[in-house]
Each structure stands twice: as structure tokens, then as C-alpha cells.
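This report walks through selected local features of one protein model. Keep the sequence and the 3D view open while reading.

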Amino acid sequence: MEENLVSYLLHLRCRQCGKTYPTDPIAACEECWAPLEAVYDYARIGSDIRRSDLESREPNMWRYRELLPIEGDPWVGKHTGFTPLFLAPRLAKALGVRELYIKNDAVNHPTLSFKDRVVSVALSKAHEFGFDTVGCSSTGNLGNAVAAQAAEGGFKAFIFIPSDIEPEKIVGTQIFGATLVKITGNYDHVNRLCAEIAQKYPWGMVNVNLRSYYSEGSKTFGYEVAEQLGWRLPQNLVCPMAGGSLITKIAKAFGELEKLGWAAPAATPAKFFGAQATGCSPITSAVKRGTPEIEPQKPNTIARSLAIGNPADGFFAVKTILASGGAGEDVSDAEIVEGIKLLAETEGVFAETAGGVTVAVARKLIQQGKINPNESTVLAITGCGLKTVAAVNGRFEENGAIRPRLKEFEEKFLGLTPVRE
Ligand SMILES: *Cc1c(COP(=O)(O)O)cnc(C)c1O
Ligand SMILES: [Zn+2]
């Protein structure tokens with residue numbers, strides 16, 4: 001990559017009890033089963049690196065490599081990240097807010113979702129650890145990202161999914177030559193099997209024994225938001241939640257940037273707003289109850305990418321939201337479809353169902369007065385609409401084909417009455 005290949009990763013630390021672990025492929029704390037968190041030497045990062053050093057690097061997620069848990073160059077995903085962040089004035093007007101931004105990971109490289117970020121880190125780590133086989137349990141997007149980057153990195157890959165997810169996400173895994181294992185049951189069943197497999201086989205399971213590295217990739221979403229806002233943090237951020245990892249890692253990213261003095265602490269600290277579908281809302285329900293204790297649910301929603309009934313990071317996602325002064329909200333399948341259409345029709349962005357959740361939840365929170373319309377707000381758009389076409393298919397006026405005649409066009413589409421000759 002370039003000049004500086006030092007790793008600043010110190011160790012892993014249990015998010016619950018604080019016990020530290022070496023930087024090995026470990027699934028969870030052996031004492032309390034809580035997730036492990038990567039810990040860095042921020043003092044050394046601060047003295048070795050200046051913000052301006054990062055700005056001169058290639059526009060991808062690795063421009064923040066000192067804050068990522070890899071030892072050398074990335075093995076895969078070298079072009080992932082640095083997706084567009086832009087003002088969304090027409091959507092802002094529709095929602096009744098002043099300053100609204102879209103961060104658009106629907107165009108992330110290579111598989112059109114934010115999962116490309118986490119997988120770039122996880123499989124680079126898998127290479128460091130010497131795994132030749134990788135895998136994951138997935139609601140679709142993670143499988144696509146692991147399959148693609150396993151192809152790029154020369155790994156064998158097993159992708160475990162609920163058998164009834166979107167056909168686009170099934171083909172989007174198979175095309176890369178990965179072994180697709182369809183399971184009868186929901187994601188939580190799939191995940192349990194994966195945990196068993198990870199215990200028995202010496203494989204790099206992205207969201208099991210590589211989880212503490214994988215999840216760090218999500219921080220780059222947050223770094224980019226800050227950098228693209230001119231090293232400012234937004235006042236509000238609306239984020240879709242499945243396992244609940246992304247939202248906590250964006251919060252970690254913002255905290256790191258403040259600690260390093262790379263983003264000025266805002267007058268009002270960033271508030272985090274969690275978005276889920278009503279048919280699978282264990283995290284937002286806990287937020288509404290005001291407690292981080294998650295009550296697992298049986299998912300039933302068109303937002304398949306968010307359909308995790310027993311979210312691994314749910315506890316921490318609730319704490320992040322409540323501590324920031326944010327809120328959680330959920331929306332029905334009909335509202336999700338409206339959200340997808342509203343974003344597409346106002347800003348020209350076709351998001352998947354998770355994006356519909358984000359937009360519809362933002363609308364609800366603005367109406368409720370929980371998001372201040374005079375503050376800056378970023379919407380996290382995390383996946384591409386071409387992967388969930390059935391959610392909106394058949395919801396448009398169908399015009400039937402016409403013959404290639406000007407008159408027919410004018411009559412049918414411009415309402416002109418035919419002139420008799
Ligand atoms: C996985 C996923 C999420 C949620 O990520 P978590 O870190 O599991 O909360 C959001 N949007 C899309 C499109 C996803 O695929
Ligand atoms: Zn612990």
C-alpha cells in the first residue's frame with residue numbers, strides 16, 4: 001500500500017467484563033459470551049498520523065487503515081468504500097427538514113451493500129491467520145460480499161442462508177462459485193449451525209470467530225461520513241439494524257475521531273436513531289422500553305436483510321442509542337415500500353428494503369419531533385434495490401405496449417384526442 005504498515009491493534013477486550021485477549025480468531029468472551037472489541041493504541045496513532053495524511057490517500061476504506069485491525073496490506077476489497085455522501089434537498093423537503101444527507105452504500109464495491117466493508121477486513125484477517133476456507137451465516141448481503149471477496153482472495157467459501165431469501169441474493173452468491181447452503185428455518189437457526197461448524201472446523205467464519213475484526217470494518221462508514229461532511233459529525237444519524245453492529249461501530253468511529261481530535265466535537269453530540277421493520281423489531285422495542293435487555297422475536301418482514309430475531313449486538317445497540325439521546329422506531333412493510341419509492345422518486349437512489357426502513361423510520365421520527373428538523377441528519381442507505389426487486393414489483397401503473405405510432409403515444413400518454421381526417 002504505502003509508507004506506513006505498522007499495526008496499532010493492541011488486543012481484544014470483552015465489551016461486558018473487560019477481560020483482554022490476544023488478537024486471535026476468537027468468537028466471544030469465554031467468561032460471559034459477550035462480543036470482543038478491538039482496542040488500539042490511540043496515543044501512538046495520534047503522534048504518528050495526521051488527518052491530512054489520510055486525505056491524500058486513495059478514495060477507499062483503507063485510507064483509515066491505522067484504525068483497522070489488520071497487520072499489513074489488505075488482502076481483498078482494496079477498492080471498497082468511499083461511497084458518495086450528498087445533500088438530499090428534495091427528500092429533505094418531502095420530510096420537512098433543513099439539512100439532510102444520504103450516505104449511499106447501495107453503490108459500494110463490489111456487491112452493492114455496506115457488507116463489503118466488513119468482509120474486506122474479515123477476509124484480510126482470514127488470510128493473515130492462514131485460513132484457506134471461509135464462511136458466514138447471512139440474510140443475503142453478507143453472503144454476497146463473502147462469496148465475491150473469497151473469489152478475489154482465493155478462498156473456498158461456504159455461505160449459509162435461510163432457504164427463502166430473495167432470489168437476487170441467492171444468485172448473487174452462487175455466481176462467485178461459493179458453496180451455498182440453504183437452511184430450512186430463519187437466520188437465528190442458520191447462525192446457530194454456523195457457530196457449531198466454527199467450533200469443529202478450522203475455518204474463518206466471518207461472523208463467528210472473525211466477528212471482532214469483521215465488525216471493525218463498519219467503522220469506515222462513520223469515518224467517511226465525518227470526512228465527507230468536512231470532518232464534522234452530523235447531529236443525527238438514522239441507521240438500519242439487523243444484528244445491531246453497524247450502529248455501534250459508527251458510534252465508535254465518531255468517538256475515535258473526537259479522541260484523536262480529527263473531528264471537532266459538535267455543539268450537540270451526534271444522536272443515533274435505530275431503524276427496524278415492525279415484523280422484526282427486537283432492538284427498537286427494547287429502546288422503546290428503555291432497557292438494553294433484548295426479547296428475541298420470530299421475524300416476519302419483507303426487510304429480509306434486517307430479519308434477525310436475536311441480534312448479537314442488540315444490547316450494545318440499545319445502549320448506544322439511549323446514551324446518545326436518540327430513539328428507535330419501526331415501520332410496517334407498506335411503509336417500507338413507500339420509503340423505497342420516496343427515496344427513488346426524490347433523489348434518484350434505488351435502495352433495498354433496508355433503505356426503505358431507514359427512510360420510513362426517519363419520516364416517522366421527524367413527524368414525532370424526535371429528530372429536530374433544524375439539525376443536520378444523515379440517512380444510512382446500506383443496500384441496493386436491484387437485490388430486492390419483488391418488494392416493489394407490480395406497484396406501478398402498467399401501460400401495456402403500443403404500436404410505434406406517434407398518434408398512439410400522444411393519445412395514450414399525453415391524453416390528446418385523435419383528430420379524424
Ligand atoms: C446487514 C445489514 C444491515 C444491518 O447490519 P447490522 O450490523 O447487522 O446491524 C443493514 N442494512 C443492510 C442492507 C444489511 O445487509
Ligand atoms: Zn467477558
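## Asn 108 and its surroundings

Asn 108 touches Thr 80, Gly 81, Thr 83, Ser 113, Phe 114, Asp 116 and Arg 117, leaving out residues up to four places away in sequence. The model is predicted. Asn 108 sits in the loop between strand E5 (99-104) and helix H4 (115-129).

The side chain of Asn 108 reaches the backbone nitrogen of Gly 81 at 2.9 Å. Is Asn 108 buried or exposed? Its relative accessibility is 1%, so Asn 108 counts as buried.

Most residues other than glycine have a negative phi, and most peptide bonds are trans. Pro 110 lies in the loop between E5 and H4. That loop also holds Asn 108.

Phe 82 has a relative accessible area of 24%, so it is partly exposed. Is Trp 231 buried or exposed? Trp 231 counts as buried because its relative accessibility is 6%.

## Helix H12 and what covers it

Now turn to helix H12. The buried residues of H12 are Gly 314, Phe 316, Ala 317, Val 318, Thr 320, Ile 321 and Ser 324. What covers these buried residues? The cover includes H10, strand E11 (271-277), helix H11 (282-289) and strand E12 (327-331).

## H10 against H12

Two packed helices are described by the angle between their axes and the distance between the axes. Take helix H10 (residues 245-259) and helix H12 (residues 314-324). Their axes come within 8 Å and cross at roughly 50°. H10 is therefore oblique to H12. The crossing of H10 past H12 is left-handed.

Which residues make the contact? From H10 come Ile 247, Thr 248 and Ala 251. From H12 come Phe 316, Ala 317, Thr 320 and Ile 321. By class, the contact of H10 with H12 has five nonpolar, two polar and no charged residues.

## H11 against H12

H11 also packs on H12. The angle is about 45°, and the axes are 9 Å apart. H11 is therefore oblique to H12. H11 passes H12 in a right-handed crossing, whereas H10 passes H12 in a left-handed one.

H11 contributes Ile 283, Ala 286 and Val 287 to the contact. H12 contributes Gly 314, Ala 317, Val 318, Ile 321 and Leu 322. The residues of this contact of H11 with H12 divide into seven nonpolar, one polar and no charged. Ala 317 and Ile 321 of H12 take part in the contact with H10 and in the contact with H11.

## H5 against H6

At what angle do helix H5 (residues 141-153) and helix H6 (residues 167-174) pack? The angle is about 15°, with the axes 8 Å apart. H5 is therefore roughly parallel to H6, as the angle is under 35 degrees. The crossing of H5 and H6 is left-handed.

On the H5 side, the contact uses Asn 141, Gly 143, Asn 144 and Ala 147. On the H6 side, it uses Lys 169, Gly 172 and Thr 173. The contact of H5 with H6 divides into one nonpolar, five polar and one charged residue.

Asn 186 lies in the loop between strand E8 (179-183) and helix H7 (187-200). What does its side chain reach? The side chain of Asn 186 reaches the backbone nitrogen of Asp 188 at 3.0 Å.

Asn 186 also has contacts with Pro 162, Lys 298 and Pro 299, leaving aside its neighbours within four places in sequence.

Note on methods. Residues are numbered from 1 along each chain as its sequence is written. Chains are lettered from A and ligands numbered from 1 in the order in which they are written. This is a predicted model: local features need pLDDT of at least 70, side-chain atom pairs count only at pLDDT 80 or more; totals for chains, interfaces and linings use all residues. Side-chain values use heavy atoms; hydrogens and water are left out. Helices (H or I, at least four residues) and strands (E, at least two) are DSSP runs, numbered from the N terminus. Buried means under 20% relative accessible area, exposed over 50%, partly exposed in between (1.4 Å probe, protein chains only). A polar contact is a pair of N or O atoms within 3.5 Å; within protein, one must be able to donate a hydrogen and the other to accept it, and residues adjacent in sequence count only if both atoms are side-chain atoms. Contact means heavy atoms within 4.5 Å. Axes are lines fitted to C-alpha atoms, for helices over the stretch in contact, and angles run from 0 to 180 degrees between N-to-C directions. Angles under 35 degrees count as roughly parallel, over 145 as roughly antiparallel, 65 to 115 as roughly perpendicular and the rest as oblique. A crossing is left-handed if the near helix is turned anticlockwise from the far one by less than a right angle, and right-handed if clockwise. Ala, Val, Leu, Ile, Met, Phe, Trp, Tyr, Cys and Pro count as nonpolar, Asp, Glu, Lys and Arg as charged, and the others, Gly among them, as polar.
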